Amino acid sequence: MLTFTQSLVVSPPLLSYIGKAKQLMFHNEPDFHSLLQPENELEARLLDTPQFQEGLNWGKPRFGHPEGKVGLHVREVLDNVNLSAANETTRQQLRLIAITHDTFKFTEFQLGRRVKHHGLLAREFMEVYLNDTTLLDIIELHDEAFYCWRAAYIENQQDAATRRLENLLETIGENLPLYFDFYKCDTQTGDKIQAPLYWFEQVVLGV
Ligand SMILES: [Fe+2]
Ligand SMILES: [Fe+2]
């Protein structure tokens with residue numbers, strides 16, 4: 001018969017619990033399955049990859065992102081998706097974009113220089129899992145609307161901003177409503193400034 005101590009050591013559920021408790025105590029690392037509540041096999045598989053584990057755990061509190069870690073930002077985006085998606089298909093599309101869009105921030109800079117934008121890194125990673133050009137384009141270009149606004153209003157580069165916006169609209173094409181839905185869910189988080197969102201809404205959607 002096992003002693004109480006032995007039973008503690010061999011109990012798999014208890015080991016799992018201790019592992020999670022140690023993770024939280026010593027690494028301050030959220031359990032991203034519990035946090036993001038994957039709704040299908042693909043979402044669950046992605047969360048299990050080393051890239052997502054590292055990427056969702058990346059980030060310190062900063063302007064725009066007082067929550068710090070990417071995974072906590074994704075939780076905010078998913079909450080917005082739940083509130084705004086017009087139907088279940090759109091909700092599932094927006095969820096997948098949300099879970100992936102910022103995950104590769106942890107690896108976009110090397111030796112202080114941006115090697116590739118995290119949107120492009122996310123797209124390249126997701127091409128193995130996903131055969132949907134619409135979603136891949138939005139994952140890759142999710143920050144472009146902000147960069148267009150920044151070029152026009154922060155950098156005072158009107159021509160560059162116009163060209164950038166034209167390229168974005170040409171690539172996104174008829175999927176602009178989905179792009180805008182995601183941009184809104186992504187921007188209405190943390191303490192991000194909302195001016196780029198209002199600008200995009202007015203210029204592109206004429207609202
Ligand atoms: Fe981003
Ligand atoms: Fe984001």
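Student: What covers the buried residues of helix 12?

Tutor: The cover includes helix 10, helix 11 and helix 13. Keep in mind that this is a predicted model.

Student: Okay, and which residues of helix 12 are buried?

Tutor: A161, L165 and I172 are the buried ones in helix 12. They take up an arc of only 40 degrees around the axis, so they sit on the same side of helix 12.

Student: Why would residues three or four places apart point the same way?

Tutor: An α-helix has 3.6 residues a turn, so residues three or four places apart end up pointing the same way.

Student: What's on the face of helix 12 turned away from the buried side?

Tutor: That face has the exposed residues D159, E166 and E170.

Student: How far apart are the end C-alpha atoms of helix 12, and what span should its residues give?

Tutor: The end C-alpha atoms are 21 Å apart. Helix 12 has 15 residues, and at 1.5 Å a residue they should span 21 Å, which agrees.

Student: What follows helix 12?

Tutor: G173 does, and its phi is positive, near 55 degrees.

Student: Where is N156, and what's up with its phi?

Tutor: N156 is in the loop between helix 11 and helix 12. Its phi is positive, about 55 degrees, although N156 is not a glycine.

Student: Is N156 buried or exposed?

Tutor: N156 counts as exposed, because it has 9 C-beta neighbours inside 10 Å. The cut-off for exposed is 12 or fewer.

Student: Let's go back a helix. Which residues of helix 11 are buried?

Tutor: Helix 11 covers residues 144-153, and its buried residues are E144, A145, C148, W149 and A152. Looking down the axis of helix 11, you'd find these buried residues within an arc of 145 degrees, so they line one face of the helix.

Student: And what covers them?

Tutor: For helix 11, the cover includes helix 10 (133-141), helix 12 (158-172), helix 13 (176-187) and helix 14 (195-205).

Student: You mentioned helix 13 and helix 14. At what angle do those two pack?

Tutor: About 165 degrees, with their axes 10 Å apart. That makes helix 13 roughly antiparallel to helix 14. As for handedness, helix 13 passes helix 14 in a left-handed crossing.

Student: Which residues meet there?

Tutor: From helix 13 you have L176, F180, Y183, K184 and T187. In helix 14, they meet P196, L197, F200, V204 and L205.

Student: How do helix 7 and helix 10 pack?

Tutor: Helix 7 (residues 88-101) packs against helix 10 at an angle of about 40 degrees, and their axes are 10 Å apart. That makes helix 7 oblique to helix 10. The crossing of helix 7 past helix 10 is right-handed. Q93, L96, I97, T100 and H101 of helix 7 make the contact with L135, I138 and I139 of helix 10.

Student: New topic: where does L111 lie?

Tutor: L111 is in the loop between strand 1 (109-110) and strand 2 (113-114). It has a positive phi of about 55 degrees, although it is not a glycine. L111 counts as exposed, because it has 5 C-beta neighbours inside 10 Å.

Student: Last one: how many helices and strands are in the chain, and how much of the chain counts as buried?

Tutor: The chain has 14 helices and 2 strands. Of its 207 residues, 29% count as buried. Among contacts with a separation of 6 or more, 53% are between residues 24 or more positions apart.

How values were computed:
Residues are numbered from 1 along each chain as its sequence is written. Chains are lettered from A and ligands numbered from 1 in the order in which they are written. This is a predicted model: local features need pLDDT of at least 70, side-chain atom pairs count only at pLDDT 80 or more; totals for chains, interfaces and linings use all residues. A residue is buried if 20 or more other C-beta atoms lie within 10 Å of its own, exposed if 12 or fewer, and partly exposed in between; C-beta atoms are placed from the backbone. Helices (H or I, at least four residues) and strands (E, at least two) are DSSP runs, numbered from the N terminus. The arc is that of the directions from the helix axis to the C-beta atoms. Two residues are in contact if their C-beta atoms, placed from the backbone, lie within 7 Å. The expected span of a helix is 1.5 Å times one less than its number of residues. Axes are lines fitted to C-alpha atoms, for helices over the stretch in contact, and angles run from 0 to 180 degrees between N-to-C directions. Angles under 35 degrees count as roughly parallel, over 145 as roughly antiparallel, 65 to 115 as roughly perpendicular and the rest as oblique. A crossing is left-handed if the near helix is turned anticlockwise from the far one by less than a right angle, and right-handed if clockwise.
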